[in-house]
Structures are given as C-alpha cells and as structure tokens.
Amino acid sequence: MDATLKVGIVGFGGAGIAQFTHFSNICGSEVVAVFDPHESGINRAKSMAPAVLVTDDLEKFMAAGVNTIAVCSPDKTHADYVVAALEAGKHVVCEKPLTDSLDGCRRILNAEAKAKGVVAAVQHQMRFLPVHQEMKRIIKSGRLGRLSYIEGYYVHNLTRRASLYDDWRFRDNATPLVYSGCHFVDLLRWLLGEEVEEVTGMANNIAFPEYPESDMNVLLFRFKSGVIGKVVVAFGAGRPQDHSVRIYGSEMSIENNLLFSKDGNFEVFARPHLPRDESPKCNSKSPSFSIRGHGYKASFNQYRTYWRARLIETLMHWKSNDSEYGVSSYPIRLYPHRLAVRSSLENVVKTIQGRERLECSLKDSSRTVATCLAGVEAYRTGKTVKVSNYWLPELD
C-alpha cells in the first residue's frame, strides 16, 4: 500500500469541510475523493476541492483509489457508510456519534470483526484537548484522593448551525444527548476509565422551541464505583460555548484547569496553547486551505490570549486576608477546537502507519452510544434506567 493515506470523505457539510481541511494538511494523508448524495454538498465540494473526484455515486467513490474513509454524514446514516467501508476493506474514521441506535452499533461491530487489517476509529476530539489529557493524568496519579463526583457541560447555541448546511437534525429529530452530548458522556467515561451503571434525567424544549426534540438535557449518572456524574447539554442557551468540567476528590478537586487543595490553594495545570505550525510538512501535493481564524491573525490572537492568561494568573495568586473571596475559577475558556480535531485525526493517521495506539475504537464509542441511549429513555420516561438494558454482548 502507498505510504500516503488516500482519503475519501463521505458528506460535505460542516464536519466534512473541516476534515477535508485537516486531512489535506496532515503529513501522510491526501484527500482524493468526496461523496455526497445531495446537490448542495456536491457543489460545495466542487468549489472547495476542484482537484479531487466529487461524486454522488458511492460505487464510483469507493473505486476512486481511496484506502481510508472519513464518514461525516448525518448521524442516522453513519452505520451504513461505516459498514460499507469496512466491507470494502478500507480504514475508517467516523464523526461522533458512531451511530444513533443499538442496531447500528451491532452492524458496525459485526462488520469490524470480519474486516482484517483495517483501523477503525471514532473522532471524539474532547479526549485530545490538552486540558482534558492533563486531567486524566492527575486522576491516574491519585492526587485527588477518593473521587465522588464528576460533571461536564456541553453548552453550544445551535439555533443557526442546526440547519446551516442541511436540515437533517430536524428531519431525524436528533436528540442533543446523542448528537452532541455524547462528547461529554464519552469524556467522563474516558476520564474515569469506567462505565455508567444507571442514568436519570430531565429535558425541556424552551430555549429553542422550533427544534422538534428537546433542546436542553440534564443527566445524572451513577458509575460502577459509586461516583456520581452529571452532563448538561444545551442547544439554545444565549451564551458562548461552555465546556466546563469539575471533578471532586477527597484530597483535591479540579475545576477546568485549576487543581484545588483543601486549604484553598490552587495550581494552574493547563493554559491557552501557543500557536503551532499546521502547514503541510511532507505532502507537498496537498492544497493548503484556510481554517476559520487560521493564519497570522489567529497566531497573534493565540499569543495575546496566552500572555493575557499569564497576567491574570499572576493576579489570581495575590493573597487576600479574606479567604472567603479567594479564587474559584479561571476566567479564560480552554477549548482549542481546531487543535483537538487535528490531533484526533493525526492519531488515526499515525495508527494506520503503525506509529501510535488508537485512542477511540468503535467498541469504545459504542459503549458511549449505549450510555446515551439509556439517558434518552431516562429523560423521556422520567425513570432511572440501567445502562445494562442497552449493553450489547459485543461490548464486553
């Protein structure tokens, strides 16, 4: 096989555009084909990627020399395309969620079991945020003591984006918990390294009433160790994105990038990242496309944010005689989305090349789907739901 990954992208909406940009600039990968069954997606792809094959014919797409397929289509179609890629012997990386049903998980896992020599991954980029990776290291170190509580917030106003490229979320009644909340269900599972036993929750449809499903989901989880977890998913809240994480331990606790001790002291364990070179390094044939905010202006903003954060940290460490008004949070949001997505896709490329270990497998992501589906039943019925009701034998 050619050392360069020949990537084909399925679906050219927001996720497809982003992955096209990243794969075109990742060393060892080259986008050679785009498939989209809709005219709008075809037109976008032809405009942005005039040098690659763009088609609405899946057979033609599969025969275009691709050896790696990125599935960026609507959630309900993920299973069909992932199975088709595996049956064709292609490596595959699927946008989150892996699928929106247990039947989809079962079909995908059965196809993977028959596909030999392929790498199959799910793009859960929250695992690749530097702040989250440091959280996991701190948890594993035991510094927090006995864990009792963990929570994550996926607050992202999608009132415009929900139908920016396609109205599939409206057509499919896509629930926020599965479509986006899976980010934090997956993240909490990954941080703790254990599974959820039962879920309870509530939902409403107040902030975004035009949406056909709920736009606010609040879920409580009981993990097998007894740790209580919470995930809040909000589609219509009138505020910028919030991806806060809190973890309480008997000795120390985490709030985003702050590690607190019992005496009120704290340390900053992650900061806004400095710019890194994201230009093509070894694939000179790949076109270089701009990502939102990419380039000189983005680099300047990253430096400015970094040094502003360091100044604020200096002020935060000034001691006050009145500890009641001590520091309780960090004022700068740490969510370098582009860096996280890029890192997650680089992990897939390097795993295929045999240089890294895969971070998020199909089976692991299926466990997140099962947990989310239990949560959907919980908020729709008002009952506490056992995750074992959604646990496939293939997940053990």
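Hi everyone, let's start with rings: the count here comes to 13 aromatic pairs, where rings of Phe, Tyr and Trp (its six-membered ring) pair if their centres lie within 6.5 Å. Before I go on, this is a predicted model, where local features need pLDDT of at least 70, side-chain atom pairs count only at pLDDT 80 or more, and totals for chains, interfaces and linings use all residues. Residues are numbered from 1 along each chain as its sequence is written, and side-chain values use heavy atoms, with hydrogens and water left out.

How do we describe a pair? A pair of aromatic rings is described by the distance of the centres and the angle of the planes. Planes under 30 degrees apart count as stacked, over 60 as edge-to-face and the rest as tilted.

Take Phe 170 and Tyr 211, please. Their centres are 5.3 Å apart with 65 degrees between the planes, so the pair is edge-to-face. Phe 170 sits in helix H7 (residues 168–171) and Tyr 211 in the loop between strands S8 (196–204) and S9 (216–223), so this pair ties together parts that are 41 residues apart in sequence. Helices (H or I, at least four residues) and strands (E, at least two) are DSSP runs, numbered from the N terminus.

Are these two residues buried or exposed? Buried means under 20% relative accessible area, exposed over 50%, and partly exposed in between (1.4 Å probe, protein chains only). Phe 170 is partly exposed at 24%, while Tyr 211 is buried at 1%.

Now look at Tyr 179 and Phe 235. Their ring centres are 5.7 Å apart and their planes stand at 90 degrees, so this pair is edge-to-face. Tyr 179 belongs to helix H8 (residues 176–179) and Phe 235 to the loop between strands S10 (228–234) and S11 (245–249), so parts 56 residues apart in sequence are tied together. Tyr 179 is buried at 7%, and Phe 235 is buried at 0%.

Which cluster do these rings belong to? Trp 168, Phe 170, Tyr 179, Phe 208, Tyr 211 and Phe 235 form one aromatic cluster. A charge sits over a ring if NZ of Lys or CZ of Arg is within 6 Å of the ring centre and within 35 degrees of the ring normal. Lys 136 lies over the face of Trp 190 at 4.8 Å.

Last stop, Arg 338: this residue lies in helix H11 (residues 337–352) and is buried, at 18%.
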